[in-house]
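Below is a briefing on one protein model, grouped by topic. Please keep the sequence and the coordinates open while reading.

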Amino acid sequence: MLKIAYSDIFRYSVPDKHRFPMQKYTMIPERLLREGTITTDNFFAPKRLSEDEILTTHTAEYWHKLKTQTLTRKEARPIGFEMTPELVDRGRHIAHATYECARFAQQYGVAMNVAGGTHHAFADHGEGFCVLNDVCIASNLLLNRGQAKKILIVDLDVHQGNGNASIMADEPRVFVFSMHGAKNYPFRKEVSDLDIEFANDTGDEDYLQVLHETLPRLIRDVAPDMIFYQSAVDVLATDKLGKLGLTQAGCMARDEYVLRQAKAANIPVAIVMGGGYSEDIEDVVEAHCNTFRIAQQIYFDKTTQHNEA
Ligand SMILES: [Zn+2]
């Protein structure tokens with residue numbers, strides 16, 4: 001059974017001044033249900049992170065400021081959302097969902113968060129639409145609880161996971177692999193365990209070739225017992241922020257490749273969505289839905305005829 005973390009809290013909407021496509025969190029599950037890729041039985045409602053769980057990864061000072069809504073204007077601005085208690089509560093559910101996805105993945109092979117992938121959150125500050133770092137928190141919880149020994153983060157969001165790189169810089173049990181555009185946000189990049197940068201307009205063929213040359217070697221050498229896969233769709237040519245040139249088919253081929261590699265190696269994979277900022281929200285939703293479709297197909301042999309329109 002494909003377990004999918006979903007909650008009404010994910011759709012908490014903020015003033016749209018930054019044009020973050022919050023509506024995708026509603027449109028993705030609705031489309032998957034309508035076309036029959038999933039049923040409501042696939043969903044689970046995530047719990048909320050406790051303060052102790054947050055403090056495995058974030059500093060006490062930063063968490064206090066989030067909790068008491070006392071970030072200064074200067075500290076809040078890079079996050080890009082208006083800071084509200086609801087936004088922090090949303091982040092706590094999303095991050096716990098990613099942890100729960102990892103646990104379900106250990107049971108079923110794969111599990112997916114309709115949100116998550118907040119890889120620009122650092123231990124002591126947030127930025128780039130990210131408040132709490134879900135994958136790092138989930139990784140720390142798994143390690144602390146003896147539920148994983150070696151974790152591989154496969155971050156294929158077009159933006160570098162600078163928060164992941166910074167938080168896990170001194171954690172040898174977590175290997176951070178990021179493939180991203182060389183010339184986009186964050187302009188000052190951190191150092192991951194492996195960073196691969198692409199020139200503007202890199203297309204399907206070149207992108208996939210690099211992935212094919214790299215991922216099997218990493219799975220062999222890192223030998224993880226858990227993979228977090230950030231399947232962001234801001235690699236698309238239609239994306240306003242990404243600057244790469246992938247097609248919908250290329251993006252889906254990327255997802256299929258990652259999942260087939262993980263499955264062949266018998267490593268559980270928890271999938272988080274990350275970014276997607278195409279002008280037409282349809283492109284974003286369709287590409288994210290493809291990740292769910294391919295997961296159903298590969299792991300549960302379930303194929304759905306979906307309307308390409
Ligand atoms: Zn991104």
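**Zinc site and overall layout**

The zinc ion has as protein donors Asp-157 (OD), His-159 (ND1) and Asp-234 (OD), at 1.9 to 2.2 Å from the ion; donors are N, O and S atoms within 2.8 Å of the metal (3.2 Å for Na, K and Ca), and water is not among the atoms, so sites may look incomplete. The model is predicted: local features need pLDDT of at least 70, side-chain atom pairs count only at pLDDT 80 or more, and totals for chains, interfaces and linings use all residues. Residues are numbered from 1 along each chain as its sequence is written, and side-chain values use heavy atoms, with hydrogens and water left out.

- The spacing of the donor residues along the sequence is D-x1-H-x74-D.
- Asp-157 belongs to the loop between strand 4 (151-155) and helix 7 (162-167), and Asp-234 to the loop between strand 7 (226-230) and helix 9 (248-264), so the pair ties together parts that are 77 residues apart in sequence. Helices (H or I, at least four residues) and strands (E, at least two) are DSSP runs, numbered from the N terminus.
- Asp-157 and Asp-234 are both buried; buried means under 20% relative accessible area, exposed over 50%, and partly exposed in between (1.4 Å probe, protein chains only).

- Eight strands make up an open sheet with parallel pairing, in the order 2-1-3-8-7-4-5-6. Two strands pair if DSSP finds at least two bridges between them.
- Strand 2 (43-44) and strand 6 (194-198) are at the edges with a single partner strand each, so one side of each has no neighbour in the sheet.
- Strand 1 (residues 3-5) pairs with strand 3 in the parallel sense over three bridges, and Ile-4 has Met-112 as its bridge partner in strand 3.
- Strand 3 also pairs with strand 8 (residues 269-272), in the parallel sense and over three bridges; here Met-112 has Ile-271 as its bridge partner.
- Strand 4 pairs in the parallel sense with strand 7 over five bridges, and with strand 5 over five bridges.
- Ile-151 has Met-226 as its bridge partner in strand 7 and stands opposite Val-174 in strand 5.

**Burial in the strands**

- Strand 3 (residues 110-113) is covered on both faces, with Val-110 and Met-112 buried on one side and Ala-111 and Asn-113 buried on the other.
- Strand 5 (residues 174-181) is mostly covered, with eight of its eight residues buried.
- Ile-4, in strand 1, is buried at a relative accessible area of 0%. Its C-alpha atom is separated by 11 Å from that of Leu-32, 28 residues apart along the chain.

**Largest pocket**

- The largest pocket has a volume of about 400 Å³. On a 1 Å grid over the protein atoms alone, a pocket is an open set of points with protein on both sides within 12 Å along at least five of seven lines, and lining residues have an atom within 4 Å of a point. Grid points are joined across faces, edges and corners, and a volume is the space filled by probe spheres set on the points.
- The lining has 29 residues, and Phe-20, Gly-128, Phe-129, Cys-130 and Tyr-277 lie nearest the centre of the pocket.
- Helix 5 (residues 85-108) gives the largest share of this lining, five residues.
- The lining divides into 14 nonpolar, 11 polar and four charged residues; Ala, Val, Leu, Ile, Met, Phe, Trp, Tyr, Cys and Pro count as nonpolar, Asp, Glu, Lys and Arg as charged, and the others, Gly among them, as polar.

**Backbone and loop details**

- Most residues other than glycine have a negative phi, and most peptide bonds are trans.
- Phe-129, in the loop between strand 3 and helix 6 (134-144), has a positive phi near 70°.
- Asn-266, in the loop between helix 9 and strand 8, has a positive phi near 60° and counts as exposed at 69% relative accessibility.
- The peptide bond from Tyr-185 to Pro-186 is cis, with omega near -5°, and Pro-186 lies in the loop between strand 5 and strand 6.
- Thr-57, in the loop between helix 2 (51-54) and helix 3 (60-67), is buried at 8% relative accessibility.
- The side chains of Thr-57 and Asn-140 are joined by a polar contact of 2.8 Å. A polar contact is a pair of N or O atoms within 3.5 Å; within protein, one must be able to donate a hydrogen and the other to accept it, and residues adjacent in sequence count only if both atoms are side-chain atoms.

Definitions and conventions
On a 1 Å grid over the protein atoms alone, a cavity is a set of points where a 1.4 Å probe fits but cannot get out, and a pocket is an open set with protein on both sides within 12 Å along at least five of seven lines; lining residues have an atom within 4 Å of a point.
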